[in-house]
Amino acid sequence: MRVVVWVKEFLLGRSQRVRVDGQLSEEVRVTSGVPQGSVLGPLLFLAYFNDIWRNTESNIRLFAGDCIIYRKITDSSDIDKLQTNLNRLGERAVENEMKINPDKSKALSFTKSGIKERISYYFGEQLVPEASSYKYFGIIIRNDLTWADHVNYTLRKAWTALPFIVRILKKGNNNPKRLAYTGLVRPILECGAVRWDPYREESALNRVQKRAAKFANNVNESSWETLAQRRLLA
């Protein structure tokens, strides 16, 4: 009982306010959730949320507040089972007084078929919109399992970061330039790359590293590991 009382005191009676230009807003009561940045917060969240998969036949993957549910569809019975599982998730959310935003949910279908029958899934009474791609933990997954969208997204981020480094370190020596690239730009090119290792868009990614090598006082790029070699090692 002491633990229950202690946790209750930790969660209840909280309030928050915002400071803008030295001015504080009025306090607003916090009636749900756990304190952000606390050590106990994630543990309490998991205790509350982590059994949402129970009584669900489809596959579920959970990470913090993100949930993916999926199954192989071979006939109409699989469609019905997946919809039943979605209904159970919705019922579980209602029971636990959790608010799930259907607008942030998307349905993706992966198939080899050039023409596929459109399948509609519902969360509660709201239709889950079908999408051709979706960003999941920073990786854009397409329904045809190609990576052009994600590579283009990665390139835009890298080509934004590299000119910034070039501008700031233009008069610097070679070592800080190299360190800036390997510490600030290359991680963008390699984030989750072992999952999306490209086979068509390789040259576009390599151009970023070639530009960085030229920036580092025409250092011979062949002395650097290629992006493909680093992905293979990873």
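These entries record what I looked up on one helix and on the salt bridges of a predicted model.

Entry 1, conventions. I count residues from 1 along each chain as its sequence is written. In this predicted model, local features need pLDDT of at least 70 and side-chain atom pairs pLDDT 80 or more, while totals for chains, interfaces and linings use all residues; side-chain values use heavy atoms, without hydrogens and water.

I took helices as DSSP runs (H or I, at least four residues), numbered from the N terminus. For accessibility I used relative accessible area with a 1.4 Å probe and protein chains only: buried is under 20%, exposed over 50%, partly exposed in between. Helix H1 spans residues 2-11 and is hardly covered, with one buried residue among its 10. Just after H1, I noted a positive phi of about 75° at Gly13.

I applied the rule of a Lys or Arg side-chain nitrogen within 4 Å of an Asp or Glu carboxyl oxygen, and the count came to eight.

Asp197 sits in the loop between helix H6 (193-196) and helix H7 (202-215), and Arg231 in helix H8 (residues 227-233), so the pair ties together parts 34 residues apart in sequence. Asp197 is partly exposed at 41%, whereas Arg231 is buried at 7%.

Glu225 is partly exposed at 37%, and Arg230 is partly exposed at 24%.

Methods: Helix = DSSP H or I, 4+ residues; strand = E, 2+ residues; numbered from the N terminus.
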